[in-house]
Amino acid sequence: MSLLTKTMSLAAAAAMAVTLLGSASFAEDGTGQQLYPLFTYRTGPYAPSFIPFGAGNIDYLRYINEVEGGVDGVKILVQECETAYTIERGIECYERYKNGYNGALTAAIYPHSSGLDVALTDKARIDKIPIVSPGGGQNIATDGRVFPYQYPLVFDYWSEAQIIVDYIAQQAGGYDKLKGLKIATLYHDSGYGRDTIEPLGILAKKYGFEDIQIPVPHPGEQQQTQWQQIRRANADWVFLRGWGVMTPVAIKTAARVGFPADRIIGDIWSGSEDDARPAGAAAKGYLAVSVFPPGTDYGILNTLKSDILDKGKSDLKDSSKFGTVYYNYGVIEAITFVEALRTGHKKFGNRPLTAAEGQWALEHLDIDQKRIAELGAEGLISPLKTSIDNHKGETIAAKIIQWNGQSWDTRTDWIKADASLFADVIKAKAAAYAKEKGIEPRVATN
Amino acid sequence: MTTLQESAPTKPLRRLAFGVGTIAIVAGLIAAFAVPALADDYWLSSIIIPTVIMGLAGIGLNLLMGYTGLVSIGSAAFMSIGAFSTYNLLLRAPFLPLPVVLILAGLIAAIAGVIFGLPSLRIKGFYLGASTLGAQFLFEWLFTNFSWFSNDSQSLTISAPRLQILDYDLQSATGRYYLVIATTVLLIALAFAIVKSRVGREWMAIRDMDVAASVIGIRVARRKLLSFGISSFFLGIAGALWAFGYLGTADAHAFNLDKSFQILFIVIIGGVATIFGNFLGAAFIVLTPILLDRLSLVIDLSFLGDQGALANLQHIIFGTIIIVLLIKEPDGLSSLGRRGVEALRSRARSSN
């Protein structure tokens, strides 16, 4: 190839690239459909958690589309966008789908990453697009007066800290027995991991237990010194806030220094099958907080099995992942999206919702016990009711699960967090944020 | 005699070329400032802004690596210093206008660059790479462990308290684009001025043979440190733009080792010792993954496998393109472009 043709072909390729990058596309017309931009991370270090999670999402939406004929007759158009769990790629996906796709409207975006959730805060406020992060959003954004477009639905780490302490109190035989106990928190040294330092400090002061905080640097493949420290301190319980490889390493190292597994309580991101199984026999008895209870014994999962999995329509390649923590998390997330659409349809009519309508719907979600029963999700999700004042949902709850060496057993019913305990702190933080950013908080008029 | 014949018309030609060059620069500037009229939010926010900023970061490293011949794999660390300095200056010294803050942040990064450049006086090549790697780890650790730098934010992330110049709000995509492009144009001009100056020539002398450079009286140590300082100045400003002009927010992990390697690749793919080549390299690094992703939207590739396999396939294709490019064009895209233009010219000449 001569140099000239080489350069010319490079130029031609560049020209083609520009056309491709532009919005020109030949995909199906999405008019009359509701867009669900599915932010994926099928590549990169966290892909193993995404694969069942994404499948749970897709399977539920396929079930809604193909069996129920859409949400109140409105079909959902799922468009995947790979982020590889990086913020940069995530922003590209957000920009690509924030205004819809080929006629299909965007009502909300689920970024599937705490980092991306934070990065989109300002953009979403300018673009007026709701950002929904079930289980992984910013706790401060609970205050919807300051964060109108941020929805940390279902769960947060402050409530988690409280639920852990509640469970330990249950085991010890009452809150008064917490006095003098030593609770060590072993945390991933990142914004995520540090998020429980403050609430545990407040709880320690309230109940009189000793609060020991020990960081583990990312990714957490070496924890010998940390566990020796726990041993020396003679801790009674360990709250393990791991992510990725850190969790199995923690469980194995605990066994090596002789710390009992049934005294370690994992965080919600340390409580999947893929967190416990690699630790082998050492994990037997290991506990974890679960907002996304594993198991297949729920009405909706039976329906998915017969209508989607058995018909070969599932996104899951490895059917043994059906009913795992991450698969169920995907189903639960898809339920929040579909229920938000239904809420919106009641007010705006059975048609695709705009972002503004999606925002209204997310602010007026009410998945009560009756609705949960209708969905066939009893035991799978706890009631969820949002408002302008509370973007997280008023009744935060989690279960404690235990690894039996093969799978998870559910140990407790829903343990509810007392929302009032930290409400003032969160309000104060949100107010400080509003001041720093020059935001005028909305007045809550539901 | 051919040389004489060719060199005879050089002078007027050079003047003409200078004229053409000026026109090209002016046209380029007008085009750059007209972009928001043509491009929508998607183009500005996720294609053009990151490419321009990464190109600017590429210039930063290229001044060090391409012109002075010093290796650094800690570029992202200096970007993070720029980003965190900008944040803290905006927050704690609210009376300072944004342009001043950017320059100060660049200077703070420059100081850090000089400090981490000190080992370059004694060691070379890969060993120096290892010492700059130290900067990479140190600053990532520093900004995650001392929450003072992120104003005790819950998630350790920083986001610009205000992005405005003279009451003009720069939060919109267009506003951020103007901030990025104006800063970049000024820094490109600065880079050209430095490279063409005595300092630039001395850097290149050091790069080509530092012993000889010291023999002819160049103060090698001082010049090397200056190179680290100026390189970090560019990187620091690029980091501030990356955090506030592009991401809107950042934590220390936004500037991890991956980012340093990306910048290194931009220099290698774009071309060592070029200024505009960095933007070609940045375009390649930023856009190819998006392009491949879009391609699979337009063309049905499902026969190759499921979505997961496709996502991984994109990485393989991206890697392959880099390898082919480096084998076929080790001098980078800029040299390919330059020789292409020359080939066009000679063809035009021969056809006359």
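This is a predicted model: local features need pLDDT of at least 70, side-chain atom pairs count only at pLDDT 80 or more; totals for chains, interfaces and linings use all residues.
1. Extent of the interface. Chain A puts 46 residues into the contact, and chain B puts in 52 residues. The size of an interface is often given as the accessible area lost when the parts come together. Here the area buried between chain A and chain B is about 4,400 Å². Carbon and sulfur atoms account for 60% of that buried area.

2. Polar and charged pairs. The rule gives 3 salt bridges across the interface of chain A and chain B. A salt bridge joins Arg96(A) to Asp293(B), with 3.0 Å between the closest N and O atoms. Across the interface of chain A and chain B there are also 9 residue pairs in polar contact, both residues being at pLDDT 80 or more.

3. Elements on the chain A side. Seen from chain A, the elements that each give two or more residues to the side touching chain B are α1 (3–21), β2 (76–82), α3 (87–97), α4 (114–119), α5 (121–127), α7 (191–194) and α16 (420–437). Of these, α1(A) gives the most, with 9 residues.

4. Composition of the chain A side. The residues of chain A that touch chain B comprise 18 nonpolar, 8 polar and 20 charged.

5. Rolling a probe the size of a water molecule over the atoms shows where empty space is left. The count in this model is 6 cavities of 30 Å³ or more.

6. The largest cavity. Its volume is about 140 Å³. The lining of the largest cavity holds 15 residues, and the closest to the centre are Val154(A), Ile332(A), Ile381(A), Ser382(A) and Leu384(A). Helix α13 of chain A, residues 325–348, gives the most to this lining, with 3 residues. By class, the lining of the largest cavity has 12 nonpolar residues, 3 polar and no charged.

7. The second largest cavity. This cavity has a volume of about 50 Å³. Which residues line the second largest cavity? From chain A they are Ile87(A), Gly115(A), Val118(A) and Ala119(A). From chain B they are Thr157(B), Thr249(B), Ala250(B), Asp251(B) and Ala254(B). The largest share of the lining, 3 residues, comes from α4(A), and α4 is also listed among the chain A elements that touch chain B. The lining of the second largest cavity divides into 5 nonpolar, 3 polar and 1 charged residues.

Conventions
Residues are numbered from 1 along each chain as its sequence is written. Chains are lettered from A and ligands numbered from 1 in the order in which they are written. Side-chain values use heavy atoms; hydrogens and water are left out. Contact means heavy atoms within 4.5 Å. Buried area is the accessible area (1.4 Å probe) that two parts lose on being put together, summed over both. A salt bridge is a side-chain nitrogen of Lys or Arg within 4 Å of a carboxyl oxygen of Asp or Glu. A polar contact is a pair of N or O atoms within 3.5 Å; within protein, one must be able to donate a hydrogen and the other to accept it, and residues adjacent in sequence count only if both atoms are side-chain atoms. Helices (H or I, at least four residues) and strands (E, at least two) are DSSP runs, numbered from the N terminus. Ala, Val, Leu, Ile, Met, Phe, Trp, Tyr, Cys and Pro count as nonpolar, Asp, Glu, Lys and Arg as charged, and the others, Gly among them, as polar. On a 1 Å grid over the protein atoms alone, a cavity is a set of points where a 1.4 Å probe fits but cannot get out, and a pocket is an open set with protein on both sides within 12 Å along at least five of seven lines; lining residues have an atom within 4 Å of a point. Grid points are joined across faces, edges and corners, and a volume is the space filled by probe spheres set on the points.
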